[in-house]
Amino acid sequence: MPQSKEQIAAYHKEYYETNKEQLTAYKKEYRKNNKEQIAAYRKEYYETNKEQIAAYNKRWSGNNKEYLAAQHREKKYGISPEDYDTMLKEQDNKCKICLVSFTTLKLQNIHVDHCHTTNQIRGLLCSCCNGGLGFFKDNTETLTNAIVYLEHTHRNENETRTN
């Protein structure tokens with residue numbers, strides 16, 4: 001019989017590896033037959049340890065922002081971390097519209113821009129540019145009108161200053 005902690009751990013690991021299929025089947029059957037008790041235990045544990053669980057989750061989320069962002073991009077847009085890194089490199093790590101460097105932004109202020117009609121990904125944008133396109137509902141005519149408006153009012157401001 002094993003004596004030291006290391007020997008005991010090695011014994012348990014070997015036992016698990018040898019009996020993995022039977023143990024997995026047993027656990028699955030146990031969970032199936034004891035759903036209510038397991039749910040009640042989990043609920044009671046959560047109620048008893050609510051503050052500690054919330055603190056742990058907050059710490060974990062804070063320490064794993066990049067992982068969570070990658071999971072979100074993959075789930076929502078189908079972009080792997082490699083695809084995202086390629087996009088960053090192709091865009092020279094800058095917003096595709098205003099060219100602000102993403103190194104100056106927080107992770108949550110870098111957005112995957114996509115067409116809401118086709119779901120085609122167009123690029124990476126800062127939150128300001130992404131929001132701007134969203135407010136204009138990706139309508140190129142409205143955006144063109146906004147440019148004409150800004151040019152016109154800018155020209156009038158300059159004429160007023162020189163007079």
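Residues are called buried under 20% relative accessible area, exposed over 50% and partly exposed in between, with a 1.4 Å probe and protein chains only. By this criterion C115 is buried, with a relative accessible area of 18%. The structure is a predicted model, in which local features need pLDDT of at least 70 and side-chain atom pairs count only at pLDDT 80 or more, while totals for chains, interfaces and linings use all residues. Residues are numbered from 1 along each chain as its sequence is written, and side-chain values use heavy atoms, with hydrogens and water left out.

The chain contains eight helices and two strands, where helices (H or I, at least four residues) and strands (E, at least two) are DSSP runs numbered from the N terminus. Along the sequence their order is α-α-α-α-α-α-β-β-α-α. The radius of gyration, taken over C-alpha atoms, is 28 Å, well over the 15 Å that the globule rule gives for 163 residues, so the chain is more spread out than a compact globule. The globule rule is 2.2 Å times the number of residues to the power 0.38. Along the principal axes, the C-alpha atoms fill a box of roughly 100 × 35 × 30 Å. Buried residues account for 16% of the 163 residues. Of the contacts (heavy atoms within 4.5 Å) between residues at least 6 apart in sequence, 35% join residues at least 24 apart.

Two helix pairs were examined, with axes defined as lines fitted to C-alpha atoms, for helices over the stretch in contact, and angles running from 0 to 180 degrees between N-to-C directions. The axes of α2 (residues 20–33) and α3 come within 5 Å and cross at roughly 80°. Helix α2 is therefore roughly perpendicular to α3, given that angles under 35 degrees count as roughly parallel, over 145 as roughly antiparallel, 65 to 115 as roughly perpendicular and the rest as oblique. In this pair, Y30, R31, K32 and N33 of α2 meet K35, Q37 and I38 of α3. By class, the contact of α2 with α3 has two nonpolar, two polar and three charged residues; Ala, Val, Leu, Ile, Met, Phe, Trp, Tyr, Cys and Pro count as nonpolar, Asp, Glu, Lys and Arg as charged, and the others, Gly among them, as polar.

Helices α3 (residues 35–48) and α4 (residues 50–63) pack at an angle of about 80°, with their axes 5 Å apart. This makes α3 roughly perpendicular to α4. Residues Y45, Y46, E47 and T48 of α3 meet K50, Q52 and I53 of α4, and the contact has three nonpolar, two polar and two charged residues.

A nonpolar core is a set of buried Ala, Val, Leu, Ile, Met, Phe, Trp, Tyr and Cys residues joined through side-chain atoms within 4.5 Å. The largest has 13 residues, of which Y84, C95, F102 and L124 touch the most other members. Elements giving two or more residues to this core are α6, β1, β2 (121–126) and α7 (127–135). Residues up to four places away in sequence aside, F102 touches L88, Q91, N93, K94, C95, I110, L124, L125 and C126.

The loop between α6 (81–90) and β1 (110–114) holds D92, and L99 lies in the loop between α6 and β1 as well. Most residues other than glycine have a negative phi. The phi of D92 is positive, at about 55°, and that of L99 is near 65°. D92 is exposed, with a relative accessible area of 54%, and L99 is exposed at 55%.

C115 is placed in the loop between β1 and β2. Leaving aside neighbours within four places in sequence, C115 is in contact with Q120 and R122. C115 and K137, 22 residues apart in sequence, are separated by 9.9 Å, C-alpha to C-alpha.
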